[in-house]
Amino acid sequence: MTDEVPLLEVVELQKHFPLARTLTEALRGHARLAIRAVDGVSFDVRPGETVGLIGESGSGKTTLGWLVARLHEPTSGAIRFDGRDIGHLQGRALRAWRRNVQIVFQDPVGSLDPRMRVWEIVSEPIRAQAPRTRRAELRERVRQLLPTVGLPPECLDQYPHEFSGGGRQRLSLARALSLQPRLVVLDEPTSALDVAVQAQILNRLVALQSEFGFAYLLITHNVSAVKYCADRVAVMYLGKLAEVGPVHAVLERPIHPYTKALLAALPVPDVRRRRARYRISGEIPTLIRPPPGCRFATRCPFVIDRCRTEEPLLRVVAGDPSHRVACHRAEEVADIRPETLIQVEPAADPPATPLPAAAAPAS
Amino acid sequence: MASATASAARAAAAGSVEEEPSGSGVRSSVVLFYRILRANILTLVGFVLVVVVSVTALLVVVVPPITHLILGHSLSILPYPPLDTNAFPYYQAPSLAHPFGTDQNGADVFSNVVAALPTDLGIGFFVAGVSLVLGGLLGLVAGFWDTPGTLSGAASVTIMRLTDIFLSFPTLVLALAITATLGRGEIESEIAILATWWPFYVRLTRGEVLSIKTQPYVIAARAAGVPESRILFRHVVRNLLEPLAVYFTMDVGTVIVTYSTISYIGVGVPASIPEWGNLMYGYQDLLLTAPWTVWSVTGAIFVTVLGFSLLGDGLRDILDPRSRRIVASPGRQSSKLEPSS
Amino acid sequence: MEYRVGAGTFRALNDVSFELPTHRVVGIVGETGCGKSTLGHAIPRLLPQPPAIVRSGKVVFRGVDLLRLPKWQMPSIRGTGIGMIFQEPINSLNPAFRVGDQVAEAVHIRRMRERGLDPTFRRDVQGTDYSRREMPRAGDVVSAPFVPPALVDRAKARSPPVSKELHEEVLSFLRLVRINDPERIVSLFPHELSGGMRQRIMIAMALSGKPGLLIADEPTSALDVTIQAQVLTLMKELMEEVQTSILFISHDLGVIAEMADEVGVMYAGHLIEFGPVAEIFESPRHPYTKALLRSIPNRYKSEGPLPSLAGSVPNLSRMPAGCAFHPRCPIARDVCRHDPEPPFVAAPAGPDGAVHRSACYFPEEVASLP
């Protein structure tokens, strides 16, 4: 893409979780099945940028985040950090590397040990990397860190349950930033928060990034959070990337039918655009036996026979080398607006454009 | 309650920091403990019962040798020597001289019951304590290193299957079988109970470890590069202490009941040692003729077990920092710290 | 309406009053802890008492004050009078029964009530028996497990004639919620269904009581967006087909904007604004509503920071004096800081006669806020 060396480069990464077989299945010689949570994903994150990873539940986005933070062992593929493959680091080398990548979890309650005080929680990564640091110094460093995430420094000795959800998420953030990591994986950082608090946290994230130059991998199903924070967006569906590109391009002119479906599905607080119908039907298939061919073929309104048999690869579409899409019909469907997939009420609105040929929706 | 503005609320939150300072020295812990006891009357009852029972037991054991050392002759806090035959008229109903009456041998029932206290309490603490340490350690190992396909995983499986084997026998039957084999005696019967007791702690500990291990804060520690051994102590063991302490406290009472049952059947301590099960065995025919004998022993067991149960229940609140704050500062439970944007 | 917890008392709901007209959708929106779910549970008296205490107020449903009704009469209101849909369909469906049996139970109860009988769940329903078939093997696609058709047929064949009719009605309700192959679905357990499917079953159960009022408490919040859009579409269509009033509780302003005819905004146990959906979203008359609408993130990083509302919702045990919102309010003045609370007053009626009420002393100034 660019000559700049990416901070993080993920190449054909796979993570399968094998399922247990019953005895009869083993005797009958059934193959051992696996949940193919991440099934061949490649992307990169450059220093100081935010990549938003959008996907619904079961898309494998959280697994991907955990792989990048080396909380899972990859099944195959490479994870390069600063050009070095860290996918198979172990023991001491892995622990030392961890100072580079930190992670913030969704659950503001569970991600903080209820029996630890604020300074112990926030200083835990520092202590992990430098076990000999004195207690007074740890407290001092935490005291200085707390204001950067918007918490009063006096709360050093409080327990996590004394904070609201937003406050706890700030604590998680402070813990992740305590080592000045190069990359922070944000796993649904605002999903458990109310909309007003969410805005505060997102603002804080962006401000911290411009101050300290972290790169973020923002994993979420929340498109508006990605819109505000991200420089580039990757859309994930059933363990594979459907579309990758600059945030403007992907959100304003989505090409992959799944991206369109996702954007059309967002409830918009605009009473003049009340949807009467949403035209994507069907359930999200499971990751155990994903459909052959294109993963979205079972729900895609633009599906053709080729989609059901041949797997589309990520490729550059419409001239922009940074915008890649995994769709056989990318050129044909590129100009269809996401709004086509919904029908707006009342009937006074212009009739919905008919979908292009071969658009018999799979029911 | 205080009608405060948001800024006042923040000030109050900050105030609570000053009020209960960081290191929370011994004095503030005591104050906190007192507040918690005061807030929950049942816990207070349990606490008082346990203290009374334990102090009495201690005095029974300690006073004679100490007085012997100082005065040259032993004194006892017991009004009369226990199991002393023909000291008094038989079958005397409770009176001022004999608060629990006398029994069929003419011994003072009160002295018998109190003299049994150190034995029973000691067995309760010993069996529950050894089970806690042994079962806790095994459970910790089995829960924390349970990755299949590794050596430690195999150890985990072995521990758990062994536990299952022990658990598959009815407790009392197994204990009886073991005492029958080892012979009658205090140590022998304690080993018998112990053999049936530790598996429960393995189960409990392993279950807790498995759930703590998957908490996001443990994953977060791992992501921060905290070594596994440190995760084990700082997160897992620390969060394990509360449920184990609660279970242990309540369990002391259960051990006492079970042990009394074993002695009552006649395979516990020798009949010459005062012990509640033994006493019960001696008094079983007196339920109609001299009921105070039976009721005294029953009452002693009941009060002791009740005390440990109530205290155990209350410990849950005392050890949990979440409820600590609520009790410690009434009306403050809500002082959520709110950050500025 | 108060909650009693420990030594303190929380006022979870405070003088909340509104009307829900027949065949309309009223949306209730607010942040966590504002009392919207308490409201939804207080109407059919589903709050556990204690700790909850209803201090005063009325819930008038079809002319009857539910709060004055003897306790034993409440079950006859729930289900057939007022139906409920909850957020987590996996918790609201009994994991031990096949979904067909659960829908059948709801249908059965309604039918017995229609006949004026005691709807004890007995012979009639058990006869449907969506039983014995193989449990799915690991590896089966959970949303579409394999069921040999022969087994389904056999189950149907065994159904006695009385329940055949019931079975048909169960199927018809599943078809109503756009379940394509109800014959297969009835014999599945809740855990074998996807989240969207479970929520459809919940809706089918709620509708099968033919309730006059449906209380939907965050019905799509646990679902993925594309599935949420499907379920919302379904609910929209059903509103046309099944004539019922809906109280739609959600924290998502987008969902409320899409579903509701009228909207109530709640803050710290108070209903602070109530009016037609278009009015609420386009010309709010309370600064909190305005702030809430503004804080929805909808811009790129390059367009500057997101507008956000400083501070947080006051805790119900330590409410500020006067207007509950005044510590965070940009237009608060002295009058707002002292009791009494601002009255819940109506704005001059608009051209269509719809009433728009708000609890703010200065509703006209809200429009000029950024």
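These entries record what I looked up in a predicted model.

**Entry 1: chain A against chain C.** I examined the contact between these chains and found 48 residues from chain A and 46 residues from chain C. On the side of chain A that touches chain C, the elements giving two or more residues are α7 (195–212), α8 (223–229), α10 (257–265) and β11 (275–278). I noted that α7(A) gives the most to that side, with 8 residues. Sorted by class, the side of chain A that touches chain C has 26 nonpolar, 11 polar and 11 charged residues.

**Entry 2: a helix pair in chain B.** I then looked up how helix α3 (residues 41–71) packs with helix α11 (residues 291–319) in chain B: the angle is about 130°, and the axes are 7 Å apart. The crossing of the two helices, α3(B) and α11(B), is left-handed. Residues of α3(B) in the contact include Leu42(B), Phe47(B) and Val53(B), and those of α11(B) include Val303(B), Phe308(B) and Asp313(B). By class, I recorded 11 nonpolar, 6 polar and 1 charged residues in the contact of α3(B) with α11(B).

**Entry 3: a sheet in chain C.** I traced an open sheet of 8 strands in chain C, with mixed pairing and the order β7-β8-β9-β3-β10-β11-β13-β12. Its edge strands are β7 (82–85) and β12 (345–346) of chain C, each pairing on one side only. Between β7(C) and strand β8 (residues 213–217) of chain C I found 4 bridges, and the two strands run parallel. Met84(C) has Ile215(C) as its bridge partner in β8(C). Finally, I noted that helix α9 (residues 195–208) of chain C lies across β7 and β8 of chain C and runs at about 175° to β7(C).

Technical notes: Residues numbered from 1 in each chain as written. Chains lettered and ligands numbered in written order. Predicted model: local features only at pLDDT ≥ 70, side-chain atom pairs only at ≥ 80, totals over all residues. Contact = placed C-beta atoms within 7 Å. Nonpolar A, V, L, I, M, F, W, Y, C, P; charged D, E, K, R; others polar. Axes fitted to C-alpha atoms, helices over the stretch in contact; angles between N-to-C directions. Left-handed = near helix turned anticlockwise from the far one by under 90°. Pairing = 2+ DSSP bridges.
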